[in-house]
Amino acid sequence: MRLGIHPPFLLCVKLQITERDENGNPIMAIGIVENQIEIKKLLNKREKYISTILSNAVGYMEVNLTQNKIEGNIINARKQKDAFEEIHEKEQIEKGYDEFETWWCEQALVSDKEEFLTVSNCKYLISCFEKGKNIVDVFCSYQKEDGSINDSRHTYYLSKEEVTGDIVAMCVVYDLTKQ
């Protein structure tokens, strides 16, 4: 089952310059695709890893912390029991990740809002990553649409995007109410 996770298409190309102009600048190159099997293995491994992380989650989002940007969809499993579903707060999402978290905090959070906003902030999470911390948790209570209160843990899995060098996070929300 795919969970809406669409990794970028990767292709390894070995480039060989075959012709140069009189100044030594390349004018023709040939690319040879390599390691397709290894790329497929890495993508399958990533998919299994993400599926395992999300197996007990009530929601998640992928965030580019360096750019303060939510990548893709925010998925909320509370809306439908058996499947993840997209939330459509596009206007808030387009403002940026920090702004979305502030908006969400004002809409639903009933616990310490200041602590939540401090920990979920892009700059704070980037500083955690730079100090060698790859996982950051923040606990909070939020009010559901039916008025009931749920306790949750927001876990940020931090890493560095190899191509761009940006610090990214997968934010996964776990419901702790029953526990």
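This is a predicted model: local features need pLDDT of at least 70, side-chain atom pairs count only at pLDDT 80 or more; totals for chains, interfaces and linings use all residues.
Figure 1. His154 is buried, with a relative accessible area of 5%. When neighbours within four places in sequence are left aside, His154 is in contact with Trp104, Phe116, Val136, Asp137, Val138, Cys140, Cys171, Val172 and Val173.

**Figure 2. Ser152, the polar partner of His154.** Ser152 is placed in strand β7, which comprises residues 149–160. Its relative accessibility is 1%, and Ser152 therefore counts as buried. The side chains of Ser152 and His154 are joined by a polar contact of 3.5 Å. Apart from neighbours within four places in sequence, the contacts of Ser152 are Val138, Phe139, Cys140, Tyr142, Val173, Tyr174 and Leu176. Cys140 is also listed among the contacts of His154.

**Figure 3. The salt bridge between Arg153 and Asp137.** How many salt bridges are counted in the model? The count comes to one. Arg153 forms a salt bridge with Asp137, and the closest N and O atoms are 3.6 Å apart. Because Arg153 lies in strand β7 and Asp137 in strand β6 (residues 135–143), the pair ties together parts that are 16 residues apart in sequence. Arg153 is partly exposed, with a relative accessible area of 23%. Asp137 likewise counts as partly exposed, at 37% relative accessibility.

**Figure 4. Helix α3 and its buried face.** Helix α3 comprises residues 97–108, a total of 12 residues. From its first C-alpha to its last, α3 reaches 16 Å, close to the 16 Å expected at 1.5 Å a residue. Which residues of α3 are buried? They are Tyr97, Phe100, Glu101, Trp104, Cys105 and Ala108. Seen down the axis of α3, these buried residues fall within an arc of 135 degrees, so they line one face of the helix.

**Figure 5. Helix α5, its two faces and its ends.** In helix α5 (residues 122–130), the buried residues are Cys122, Leu125, Ile126, Cys128 and Phe129. Around the axis they cover an arc of only 155 degrees, which puts them on the same side of α5. The face turned away from this buried side carries the exposed residues Lys123 and Glu130. The buried residues of α5 pack against α3, α4 (113–119), β6, β7 and β8 (167–175). At the N-terminal end, Asn121 caps α5, with a side-chain oxygen 2.8 Å from the backbone nitrogen of Lys123. Just after α5, Gly132 takes a positive phi of about 95 degrees.

**Figure 6. Cysteines without disulfides.** A disulfide is a covalent bond between the sulfur atoms of two cysteines. The count of disulfides in this model is zero. Cys140 counts as buried, at 5% relative accessibility. Cys122 is buried as well, with a relative accessible area of 4%.

**Figure 7. Ala29 in strand β2.** Ala29 is found in strand β2, residues 26–34. Its relative accessible area is 43%, and Ala29 is therefore partly exposed. Ala29 and Glu19 are 10 residues apart in sequence, and their C-alpha atoms are 7.0 Å apart in space.

Definitions and conventions:
Residues are numbered from 1 along each chain as its sequence is written. Side-chain values use heavy atoms; hydrogens and water are left out. Helices (H or I, at least four residues) and strands (E, at least two) are DSSP runs, numbered from the N terminus. The expected span of a helix is 1.5 Å times one less than its number of residues. Buried means under 20% relative accessible area, exposed over 50%, partly exposed in between (1.4 Å probe, protein chains only). The arc is that of the directions from the helix axis to the C-beta atoms. A polar contact is a pair of N or O atoms within 3.5 Å; within protein, one must be able to donate a hydrogen and the other to accept it, and residues adjacent in sequence count only if both atoms are side-chain atoms. Contact means heavy atoms within 4.5 Å. A salt bridge is a side-chain nitrogen of Lys or Arg within 4 Å of a carboxyl oxygen of Asp or Glu. A disulfide is a pair of cysteine sulfur atoms within 2.5 Å.
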